[in-house]
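Tutor: Let us work through this model together by question and answer.

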Amino acid sequence: MTAKQRAAHRARLLRLRAGVAAADPARIEPNRKDPASTGVADEDAQALSEMLQVLASQRNRGQADLLARIDRALARLAAAPEDFGLCEECEEPIPPRRLQVMPWAVLCAGCQARLEPRLGAPRRKITDYR
Ligand SMILES: [Zn+2]
């Protein structure tokens, strides 16, 4: 991943973080794409939609968990920029498509399924993100 790509990811994570922090989980409407109502640009609509689905579908891991994940990704980006985009577990590159949908991802789909089997499985097949 180039420095430019990392900078773009950082900016995106910061925008998404602001979106999560401002979101009221009780009033979230998944798949809403109107930037005026979400405060998020079109390019982030897919990630926002995914994010809102996570918030809406997870009772025990919600907004705070997602904020923690975003902060973790930002911290990693700051501390070890060369490692950003690599799976923390197997150190293989995380597929760009997965990072696009889940910019906060620090594990590849395989390792996440192995380490966090509860996460993601109920709402979508994890293999969708390979
Ligand atoms: Zn991995």
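Student: In what kind of crossing, left-handed or right-handed, does helix 1 pass helix 4?

Tutor: Please note first that this is a predicted model, in which local features need pLDDT of at least 70, side-chain atom pairs count only at pLDDT 80 or more, and totals for chains, interfaces and linings use all residues. Helices (H or I, at least four residues) and strands (E, at least two) are DSSP runs, numbered from the N terminus. A crossing is left-handed if the near helix is turned anticlockwise from the far one by less than a right angle, and right-handed if clockwise. For helix 1 passing helix 4, the crossing is left-handed.

Student: Which residues of helix 4 make this contact?

Tutor: Residues are numbered from 1 along each chain as its sequence is written. Two residues are in contact if their C-beta atoms, placed from the backbone, lie within 7 Å. Helix 1 contributes Arg 6, His 9, Arg 10, Leu 13, Leu 16, Arg 17, Val 20 and Ala 21. The partners in helix 4 are Gln 63, Leu 66, Leu 67, Ile 70, Ala 73, Leu 74 and Leu 77.

Student: How are helix 1 and helix 4 oriented, roughly parallel or roughly antiparallel?

Tutor: Two packed helices are described by the angle between their axes and the distance between the axes. Axes are lines fitted to C-alpha atoms, for helices over the stretch in contact, and angles run from 0 to 180 degrees between N-to-C directions. The axes of helix 1 (residues 3-22) and helix 4 come within 10 Å and cross at roughly 155°. Because angles under 35 degrees count as roughly parallel, over 145 as roughly antiparallel, 65 to 115 as roughly perpendicular and the rest as oblique, helix 1 and helix 4 are roughly antiparallel.

Student: What is the order of elements in the chain, from the N terminus on?

Tutor: The chain has six helices and zero strands. From the N terminus on, its elements run α-α-α-α-α-α.

Student: What percentage of the residues of the chain count as buried?

Tutor: A residue is buried if 20 or more other C-beta atoms lie within 10 Å of its own, exposed if 12 or fewer, and partly exposed in between, with C-beta atoms placed from the backbone. Of the 130 residues of the chain, the share that counts as buried is 24%.

Student: What distance separates the C-alpha atoms of Leu 16 and Leu 48?

Tutor: Leu 16 is found in helix 1 and is buried, because 22 other C-beta atoms lie within 10 Å. Not counting residues up to four places away in sequence, Leu 16 touches Asp 44, Ala 47, Leu 48, Met 51, Ile 70 and Pro 103. Leu 16 and Leu 48 are 32 residues apart along the chain, and their C-alpha atoms are separated by 7.0 Å.

Student: Where is Ile 94 found?

Tutor: Ile 94 has 24 C-beta neighbours inside 10 Å and therefore counts as buried. Apart from its neighbours within four places in sequence, Ile 94 is in contact with Gly 85, Leu 86, Cys 87, Leu 99, Ala 105 and Cys 108. The place of Ile 94 is the loop between helix 4 and helix 5.

Student: Is Glu 91 buried or exposed?

Tutor: Glu 91 is found in the loop between helix 4 (63-79) and helix 5 (96-101). Although Glu 91 is not a glycine, it has a positive phi of about 65°. Because Glu 91 has 10 C-beta neighbours inside 10 Å, it counts as exposed.
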